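This report describes selected features of the structure shown below.

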Amino acid sequence: MSQTLYDKVFDAHVVRRLSSGQYQLFIGLHMIHEVTSPQAFEMLRDRNLSVPFPERTVATVDHIVPTEDQSRPYKDDLAEQMMKAVETNCQQFGIRLYQPGSGKQGVVHIVAPEQGLTQPGMTVACGDSHTATHGAFGAISFGIGTSQVRDVLATQTLSMGRLKVRRIEINGKLKSGVYAKDVILYILRKLTAKGGVGYAYEFAGSTIEAMSMDERMTVCNMAIEGGARCGYINPDETTFAYLKGRPEAPTGAAWDKAVEWWKSIASDAGAVYDSVVKYDAADIEPTVTWGISPDQSVGVNESIPSADTYAPSERPNIEEAYEYMDLKPGQPIAGTKVDVVFIGSCTNGRISDLREAARVASLHGGKVPSNVKAFVVPGSEIVKKLAESEGLHEVFLKHGFEWREAGCSMCLAMNPDKLVGRQISASTSNRNFKGRQGSPSGRTLLLSPAMAAAAALEGKISDVRQILSKEGK
Ligand code: SF4
């Protein structure tokens, strides 16, 4: 019978059906970081449990890591304690840890693919909402809570219900100045932040197939923002080419066998979906969020929508968003002044993101105005090294951006990178919730790295296509 990738991978990992109706699912790859793992290890100690598959868990530190001065001990005592806890726990339970200075540290959802740890057909879990990122490889990948981190450490399994599958097909060529970030923001706007509850999202169509792995990761990263438990893309030659030669990827005969298996787990042509939606790439514009949920966005040349364009049940949220953001319906988003620009995170902290932002800076030719703070945070030590080898850091510095060390930085602001007061940030991260970037009243506009670079140089939300047109593109 024809099946989706989701069903094939799920079935291949079922250990047994539980009396609750859920399934006990084997987890192929478990990633941990310093924020959601300490309590899980304490729970193991309380019950005198060990980690039976330590080689299937990999740790890094990202959320609390400072991106300026990384000398130890960290100035923030709590950050230092968390760092020590992850070091002790990994040493005691025999788990690999990618520390700052190891050359492999970075945001958890960037380092695992870089090392070739994330592979098609896997089940992947991590105590972090944006674990959906790994679905870009054709893995079933989801965020879990601290007690589930404990469960995976202790048993390498999780209890889970089966999801429905929605195929989201985007076809056609993206216009100049439109990127993977715009694609996912467009999808979220169409399907809403809750539209994916109970679903796995399968992203497909010629637009998705033409994307690089970096771009596919950006799309899958934000599946969770649409309410979906996970998002994935069927593996293909682009996936295999990315993985080939990575440190943890199979080699020799094992590689050939793996590719054969990876091809077999892609959704069958006749697979039946619980829902199918189709969009045209030509309809997607450079997009900016204006509200307090990632689905509240507009094309850069649109105005803030009126509440009556939303379903009645949504209108209280829309009114709340106008008030918090201090933006009014009918007001154009372009021209909104920004105080801070953050380029980074597991959504857009990869090398291709930094290349595009640097290209925009070079084409623009100007400098970030003195009243704007703009900073670029590579998603990993590998991204940083590569960017520096290409001279991207020099481009950013020349145009008035700060160049930082790898980490989550102002995506969640659990480190010194924080908004102050009512500052407005143009951010390439994934959440614009109230207070997300470190100030309880701070405001966030989500957008692509190219649009963020344009906002930094102009000091306001601007259509990046005006800058790109200098290149005749
Ligand atoms: S970059 Fe942001 S979303 Fe990604 S893992 Fe870090 S805090 Fe979470």
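## Helix H10 and its packing

The buried residues of helix H10 pack against helix H9 (237–243), where helices (H or I, at least four residues) and strands (E, at least two) are DSSP runs numbered from the N terminus. The model is predicted: local features need pLDDT of at least 70, side-chain atom pairs count only at pLDDT 80 or more, and totals for chains, interfaces and linings use all residues. Residues are numbered from 1 along each chain as its sequence is written, and side-chain values use heavy atoms, with hydrogens and water left out.

Trp255, Ala258, Val259 and Trp262 are the buried residues in H10; buried means under 20% relative accessible area, exposed over 50%, and partly exposed in between, with a 1.4 Å probe and protein chains only. Seen down the axis of H10, its buried residues fall within an arc of 100°, so they line one face of the helix. The arc is that of the directions from the helix axis to the C-beta atoms. On the other side of H10, Ala253, Asp256, Lys257 and Glu260 are exposed. An α-helix has 3.6 residues a turn, so residues three or four places apart point the same way.

The 13 residues of H10 (residues 252–264) should span 18 Å at 1.5 Å a residue, and its end C-alpha atoms are 19 Å apart, which agrees. The expected span is 1.5 Å times one less than the number of residues.

## Nonpolar cores

A nonpolar core is a set of buried Ala, Val, Leu, Ile, Met, Phe, Trp, Tyr and Cys residues joined through side-chain atoms within 4.5 Å. The largest has 56 residues, and those with the most contacts inside it are Trp290, Val341, Ile343, Leu354, Phe396, Phe401 and Ile461. Helix H16 (residues 449–458) gives the most to this core, with eight residues. A second, separate core of 42 residues includes Ile64, Ile95, Val152 and Ala154.

Leaving aside neighbours within four places in sequence, Leu354 is in contact with Ile343, Val376, Pro378, Val383, Ala387, Leu392, Phe396 and Trp403; contact means heavy atoms within 4.5 Å.

## Helices H13 and H16

The axes of H13 (residues 351–364) and H16 come within 8 Å and cross at roughly 35°. Axes are lines fitted to C-alpha atoms, for helices over the stretch in contact, and angles run from 0 to 180 degrees between N-to-C directions. On the H13 side, the contact is made by Asp353, Glu356, Ala357, Val360, Ala361 and His364; on the H16 side, by Pro449, Ala450, Ala453, Ala454, Leu457 and Glu458.

Most residues other than glycine have a negative phi, and most peptide bonds are trans.

| Residue | Phi | Relative accessibility |
|---|---|---|
| Thr192 | near 70° | 33%, partly exposed |
| Ala413 | about 60° | 6%, buried |

Thr192 is in the loop between helix H6 (180–191) and strand E10 (199–204), whereas Ala413 lies in the loop between strand E17 (402–403) and strand E18 (424–427). The peptide bond from Arg72 to Pro73 is cis, with omega near -10°. Pro73 lies in the loop between strand E4 (57–60) and helix H3 (77–93).

Thr60 belongs to strand E4 and counts as buried at 1% relative accessibility. The C-alpha atoms of Thr60 and Gln105 are separated by 6.0 Å, although the two residues are 45 residues apart along the chain.
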